[in-house]
Amino acid sequence: MSEDPLGRVLGLVRDVPDFPSPGILFRDITPVLADAEALTTVATELAALMGDADLVAGIEARGFLLGTAAALVGGTGVVPVRKAGKLPRVAASRSYDLEYGTATLELPEGVVAPGARVFVVDDVLATGGTGAATVDLLGAAGADVVGFAVLAELTALGGRARLAPLPVHALLAF
Ligand code: AMP
């Protein structure tokens with residue numbers, strides 16, 4: 001019996017209780033990345049959502065992997081949205097709240113052209129703070145953010161609402 005491709009991807013997401021802190025159920029996508037068929041499914045599904053985007057932004061760190069895979073299939077380049085202190089030249093930075101703690105994200109200087117149509121990719125959408133900070137950063141650079149996609153959305157946390165009216169896509173929902 002053949003399984004549907006996204007069902008197979010779903011079966012590879014690993015639940016890790018109490019990581020990185022007590023009470024958090026971490027959705028570990030590492031087994032999805034390590035599986036050739038699942039990775040192809042995810043890259044193809046994400047690329048199909050890119051529309052007329054001419055650049056993908058991948059959020060550190062698992063968004064780098066998924067974003068690059070989508071960009072390769074979709075025929076665009078990719079820009080990393082990085083945690084603070086990693087980039088040699090910074091266009092802008094934003095601090096935000098996470099499901100577990102706080103963080104700062106930075107956009108590299110000089111790689112996102114004003115007016116670029118950017119599609120944002122990450123692994124998991126939880127509270128939406130990471131996504132909202134990323135969209136804000138890209139907007140500050142003059143980009144036109146055309147969509148936001150994740151492999152998995154934690155629907156109970158309501159992160160999607162923080163990104164409205166941006167189109168938000170999730171391949172899997174938990
Ligand atoms: P948030 O800003 O709350 O939407 O959190 C999204 C970011 O935190 C993503 O980059 C995820 O990698 C990570 N994250 C938050 N919660 C989880 C979770 N339960 N499982 C896996 N990753 C998570």
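Predicted model: local features only at pLDDT ≥ 70, side-chain atom pairs only at ≥ 80, totals over all residues.
The sheet here is open and has seven strands, running in the order E5-E6-E4-E3-E7-E8-E9 with mixed pairing; two strands count as paired if DSSP finds at least two bridges between them. Strand and helix labels are DSSP runs numbered from the N terminus, with at least four residues for helices (H or I) and at least two for strands (E). Strand E5 (90-98) and E9 sit at the edges with a single partner strand each, so one side of each has no neighbour in the sheet. From one strand to the next, the twist averages 25°. At the E9 end, strand E8 (residues 144-153) and E9 run parallel and are joined by five bridges.

Residues are numbered from 1 along each chain as its sequence is written, and side-chain values use heavy atoms, with hydrogens and water left out.

Now the helices. Two packed helices are described by the angle between their axes and the distance between the axes. The axes are lines fitted to C-alpha atoms, for helices over the stretch in contact, and angles run from 0 to 180 degrees between N-to-C directions.

| Helix pair | Axes come within | Crossing angle |
|---|---|---|
| H1 (residues 5-12) and H3 (residues 36-48) | 9 Å | roughly 120° |
| H3 and H4 (residues 62-74) | 8 Å | roughly 65° |

On orientation, angles under 35 degrees count as roughly parallel, over 145 as roughly antiparallel, 65 to 115 as roughly perpendicular and the rest as oblique. H1 and H3 are therefore oblique to each other, while the angle for H3 and H4 makes them roughly perpendicular. As for handedness, a crossing is left-handed if the near helix is turned anticlockwise from the far one by less than a right angle, and right-handed if clockwise. H1 passes H3 in a left-handed crossing, and H3 passes H4 in a right-handed one.

Who touches whom? Contact means heavy atoms within 4.5 Å. Between H1 and H3, the H1 side brings Pro-5, Leu-6, Arg-8, Val-9 and Leu-12, and the H3 side brings Glu-37, Ala-38, Thr-41, Val-42 and Glu-45. That set divides into six nonpolar, one polar and three charged residues. For the classes, Ala, Val, Leu, Ile, Met, Phe, Trp, Tyr, Cys and Pro are nonpolar, Asp, Glu, Lys and Arg are charged, and the others, Gly among them, are polar. In the other pair, Leu-39, Val-42, Ala-43, Thr-44, Leu-46 and Ala-47 of H3 meet Leu-66, Ala-69, Ala-70, Val-73 and Gly-74 of H4. This contact has nine nonpolar and two polar residues, with no charged ones.

The term means a side-chain nitrogen of Lys or Arg within 4 Å of a carboxyl oxygen of Asp or Glu. The two partners are 27 residues apart and link distant parts of the chain, Asp-35 being in the loop between helix H2 (30-33) and H3. By that rule, the salt bridges come to ten.

The loop between strand E1 (14-17) and strand E2 (25-28) holds Pro-20, which is joined to Phe-19 by a cis peptide bond with omega about 0°. Asp-18 is in the loop between E1 and E2 too, with a positive phi of about 60° although it is not a glycine. Another cis bond runs from Ala-164 to Pro-165, with omega near 5°; Pro-165 is found between helix H6 (159-163) and strand E9 (168-173), in the loop.
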